[in-house]
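Here's a short tour of one protein chain, written for someone just getting used to reading structures. Have a look at the picture first, then read on.

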Amino acid sequence: MLNIEHSYIDGRFVPTAGDEIVEIVNPASEAVIGRARLANREDVRRAIDAAARAQPTFARTSKSERIGMLERLQAAMLSHADALRESSILEYGGPFSRSQWVSTYAAECLGQAARTLEHYAFERPAGADGISTLRMEPVGVAGLFAPWNAAAGTMASKLAGALAAGCATVVKPSELSPWQAQVMAQAVDDAGLPRGVVNIVTGRGADAGAELSSHPAVAKLSFTGSTPTGKLIAQAGIDGLKRVSLALTGKSASLLLDDARLGVAVPLAVAAAFTNSGQACVAGTRLLVPRHRMAEVVARVQAAVAALRVGDPGDPATAVGPMVGRAHFERVQSYIHRGIQQGATLVVGGPGRPPGIERGWFVQPTVFADVRNDMTIAREEIFGPVLSILAVDDEDDAVSVANDSPYGLQAYVFSDDIAAARRIAARLQAGTVLINRVAPDLLAPFGGVKQSGLGREFGVMGMEAFLEPKTITVG
Ligand code: NAD
């Protein structure tokens with residue numbers, strides 16, 4: 001039985017002061033597997049104080065010192081990859097393959113930030129006639145907020161940008177991911193970073209999170225989570241004009257073009273929709289299909305989804321694991337009922353647990369056809385294994401339906417004609433468009449447009465999110 005009693009503050013594990021203890025429940029079995037004491041505002045203030053003390057010295061470190069730190073953290077995370085995978089599987093039910101991927105991706109983010117840093121000029125000429133120099137300086141102490149799904153990946157990608165830039169950090173993982181956060185803290189400790197540069201305090205959003213987003217010593221807020229919470233974070237930071245990056249809710253469209261080979265496109269579209277059991281911001285949950293190909297596509301999607309293995313997320317053969325907990329299971333169920341009530345055609349799946357599964361927060365992988373883009377299941381993020389299929393008349397209609405959403409995180413285009421797919425990609429309102437693939441490019445910027453976010457992570461843009469430009473002009 002796990003017992004998490006410590007926060008990571010000022011380079012050591014210290015007893016958490018908060019008095020709330022939460023149970024860690026394995027969502028596949030509903031068994032209590034541990035307990036964690038949650039950090040309160042006082043813990044967060046101690047963490048911010050430690051980061052503020054570390055900031056001036058950390059800001060003056062050289063590029064090569066920070067590359068060394070990133071590489072040490074990368075190696076430490078890699079050495080904890082098994083624990084990261086296990087905690088993802090047991091704490092939120094992340095399927096084995098996805099949890100395995102995230103466990104090494106976390107380390108990769110840090111290695112890639114080290115490479116970005118190597119080639120980055122912090123000082124460069126600017127303005128007219130060479131009289132001005134632009135210096136890119138660390139913005140200051142950064143508050144990093146992570147959701148529970150694939151928590152290690154989010155924490156690592158934010159740490160990568162912040163540390164490369166020279167910002168000391170306070171990480172606030174979700175109250176639903178204390179174990180994943182604990183493994184990350186162990187890796188940070190093993191990396192032997194300067195004291196106070198990374199602090200990790202797991203607590204509730206309205207308490208620990210609110211303290212971090214409003215504290216005057218915090219200059220930058222980098223948040224990943226839902227759009228409503230992102231707006232609260234931005235509001236909390238406005239008084240201090242904190243710099244804010246938001247990676248938020250998605251309702252991604254997958255566009256299957258006229259010429260797409262269905263044997264290739266349908267498995268990719270299904271993978272995009274059901275990745276991480278649908279508990280993914282980038283899940284491609286609206287599949288847009290040319291009307292004249294609809295019958296064939298629906299038949300293929302039905303067969304592919306009916307064959308998805310649902311069950312023990314620790315089994316490498318499992319495609320869809322449980323939802324993170326009871327409340328989220330019920331939320332997903334309510335969307336399935338709404339889909340039926342609003343007249344969509346149930347193709348496969350439906351309400352309740354999958355046949356033969358009596359325990360655990362498992363949802364049947366569900367597909368609706370005849371979905372209109374004004375139905376709730378097409379407009380709101382369900383964050384579960386539910387795919388909506390919508391008919392479109394032509395490419396213009398596909399673009400207009402795809403863009404008719406408050407969100408714009410990631411879109412997918414499936415076609416053999418890459419030039420046509422690129423033309424469509426240029427018209428889509430999305431931070432990323434993946435053509436004939438579902439895996440992201442970790443060196444390329446990632447983020448959302450419209451209500452899916454503000455700013456970008458990864459690569460140069462990810463680091464510059466933690467930098468402030470200063471112009472020096474000589475007379
Ligand atoms: P959430 O918004 O409920 O919580 C995210 C984080 O914010 C948690 O650490 C939470 O404790 C904290 N928080 C909550 N209220 C707060 C407050 N008032 N002040 C400060 N912090 C607060 O999201 P979640 O349920 O943990 O995660 C799922 C959501 O995250 C989905 O909407 C998903 O699309 C989104 N997400 C987005 C991305 C992306 O890159 N765009 C990646 C993963 C998840």
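What follows looks at a pair of packed helices, then at one residue in a helix and one in a loop. Keep in mind that this is a predicted model.

Let's start with the helices. Two packed helices are described by the angle between their axes and the distance between the axes. Here the pair is α1, residues 41-59, and α7, residues 205-214. Their axes sit 8 Å apart and meet at an angle of about 30°. Angles under 35 degrees count as roughly parallel, so α1 is roughly parallel to α7. The crossing of α1 past α7 is right-handed.

Which residues make the contact? On the α1 side they are R41, V44, R45 and I48, and on the α7 side A206, D207, A208, A210, E211 and L212. Sorted by class, that contact has six nonpolar and four charged residues, with no polar ones.

| Residue | Where it lies | In contact with |
|---|---|---|
| E211 | helix α7 | R41, V44, R45 and I48 |
| G225 | loop between β11 (220-224) and α8 (227-238) | P147, A247, L248 and T249 |

Is E211 buried or exposed? Its relative accessibility is 9%, and buried means under 20%, so E211 counts as buried.

Technical notes:
Residues are numbered from 1 along each chain as its sequence is written. This is a predicted model: local features need pLDDT of at least 70, side-chain atom pairs count only at pLDDT 80 or more; totals for chains, interfaces and linings use all residues. Side-chain values use heavy atoms; hydrogens and water are left out. Axes are lines fitted to C-alpha atoms, for helices over the stretch in contact, and angles run from 0 to 180 degrees between N-to-C directions. Helices (H or I, at least four residues) and strands (E, at least two) are DSSP runs, numbered from the N terminus. Angles under 35 degrees count as roughly parallel, over 145 as roughly antiparallel, 65 to 115 as roughly perpendicular and the rest as oblique. A crossing is left-handed if the near helix is turned anticlockwise from the far one by less than a right angle, and right-handed if clockwise. Contact means heavy atoms within 4.5 Å. Ala, Val, Leu, Ile, Met, Phe, Trp, Tyr, Cys and Pro count as nonpolar, Asp, Glu, Lys and Arg as charged, and the others, Gly among them, as polar. Buried means under 20% relative accessible area, exposed over 50%, partly exposed in between (1.4 Å probe, protein chains only).
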